[in-house]
Amino acid sequence: MQNNGDGRSPTQDNKFSGVGDQATLEDLQEYIITLEDHMRQCERAGKYVEAQTALMKIEELKNEASKRRREQLRARHLNEKLEIEEAHLAEFNQFNEFWDKKMAEFADEAAKAESEMVSRQDEELRKFEEELNASLPVRPKDSSELLNLRKIEENMARQKDYIEAHKVQQRCLMLEREEQEKWSAIREGKIRNQVNLLVTKQQQELAALRQRVSSAQDEQRKARSVELERLIQKYQNIKKELEVQQQLELQRLDRSLKTGGSVMRSSYGSRFGGPASRAGLRSSPKQESGSKGQ
């Protein structure tokens, strides 16, 4: 192929005058083949100057093609890395949403359980105090001394000894007040002691519930931390594998360009189909968490 059908050689064709800047990689490869054919024809025809011009243009276009291949490969590698980063960020956000919701739900359930226990204890205490007050009489049983003084008071009144009856009556009233005050103190002490015992029991019950809740929350935090470590490690492994595969692909490209061969597709991509899908980064944290933090 010595010319382009209009009497001009490929090296003079305006169509390719700006090929290095605007043409696609496929255009460059096509034109290199055309120039190589033209160069060989010039060589056979003894047109060495024109053959040298074609050779220089071929080298220029090959350098441009090599540059384009490297740029395309670097761009694809960058896109693969960005896709991995985006997939990891999406899974990380999904992971946090899952655990935030799980821990918030548990906290709500724990608060509800504590509120119900407190309400039940308040009602239990109220009924207990009512039963205690009903079971213990407000007035004490009269002492033998008080009963004896009342008999004396009655006898004095029957004997018309009203002055002495009044004196005995006052003694009875004073003794009755003393015994009432003493009994009231005893009664209140009994009620207070029984109530304190129940309150202590209830406080221990509430403390035990809070301890169980705290232990469960600690287990949840530990499970979340373990799952996060696994998620980060998985991302690091995928990232490292991608870096290795991309480095190998760059090396293959360099060898291919030196030998004039074609560029091979990334074996990393061919093995897994795509950075995000092959990485497994779209899996739900619930699938990995399973029974963790239950």
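Author: Start with R221 and D218, which both lie in helix α5, three residues apart, about one turn of the helix. Helices here are DSSP runs of H or I with at least four residues, and strands are runs of E with at least two, numbered from the N terminus. This is a predicted model, in which local features need pLDDT of at least 70 and side-chain atom pairs count only at pLDDT 80 or more, while totals for chains, interfaces and linings use all residues. Residues are numbered from 1 along each chain as its sequence is written, and side-chain values use heavy atoms, with hydrogens and water left out.

Reader: What makes the meeting of the R221 and D218 side chains a salt bridge?

Author: The term requires a side-chain nitrogen of Lys or Arg within 4 Å of a carboxyl oxygen of Asp or Glu. For R221 and D218 the N to O distance is 2.4 Å, so the pair qualifies as a salt bridge.

Reader: Does R221 count as buried, partly exposed or exposed, and what value decides it?

Author: Buried means under 20% relative accessible area, exposed means over 50%, and partly exposed is in between, with a 1.4 Å probe and protein chains only. R221 has 44% relative accessibility and therefore counts as partly exposed. D218, at 32%, is also partly exposed.

Reader: What separates R40 and D37 in helix α2?

Author: R40 and D37 are three residues apart in helix α2 (residues 25-45), so about one helical turn separates them. Their side chains meet in a salt bridge at 2.4 Å, N to O. R40 is partly exposed, with a relative accessible area of 37%, and D37 is partly exposed at 25%.

Reader: How far apart are the closest N and O atoms of E80 and R76?

Author: They are 3.5 Å apart, and E80 forms a salt bridge with R76. Both residues lie in helix α3 (residues 48-135), four residues apart, about one turn of the helix. E80 and R76 are both buried.

Reader: How many salt bridges does the rule give?

Author: The count comes to 20. One network of salt bridges links E123, R126, K127 and E130.

Reader: Why are α4 and α5 called roughly antiparallel?

Author: Two packed helices are described by the angle between their axes and the distance between the axes. The axes are lines fitted to C-alpha atoms, for helices over the stretch in contact, and angles run from 0 to 180 degrees between N-to-C directions. Angles under 35 degrees count as roughly parallel, over 145 as roughly antiparallel, 65 to 115 as roughly perpendicular, and the rest as oblique. Helix α4 (residues 144-158) and helix α5 (residues 162-259) pack at about 160°, with their axes 8 Å apart, and α4 and α5 are therefore roughly antiparallel.

Reader: Which residues make the contact of α4 with α5?

Author: Contact means heavy atoms within 4.5 Å. On α4 the residues include L146, L149, I152 and M156, and on α5 they include Y162, V168, C172 and L175. By class, the contact of α4 with α5 has ten nonpolar, one polar and seven charged residues. Ala, Val, Leu, Ile, Met, Phe, Trp, Tyr, Cys and Pro count as nonpolar, Asp, Glu, Lys and Arg as charged, and the others, Gly among them, as polar.

Reader: How do you know how α3 and α5 are oriented to each other?

Author: The axes of α3 and α5 come within 11 Å and cross at roughly 175°. The two helices are therefore roughly antiparallel to each other. Their contact has 32 nonpolar, eleven polar and 23 charged residues.

Reader: At what angle do the axes of α2 and α3 cross?

Author: They cross at roughly 160° and come within 9 Å, and α2 and α3 are therefore roughly antiparallel. The contact of α2 with α3 divides into 14 nonpolar, three polar and eight charged residues.

Reader: What is the phi of K160?

Author: The phi of K160 is positive, about 65°, although K160 is not a glycine. Most residues other than glycine have a negative phi. K160 lies in the loop between α4 and α5 and, at 55% relative accessibility, counts as exposed.

Reader: How many helices and strands does the chain have?

Author: The chain has eight helices and zero strands. Of its 294 residues, 32% are buried.
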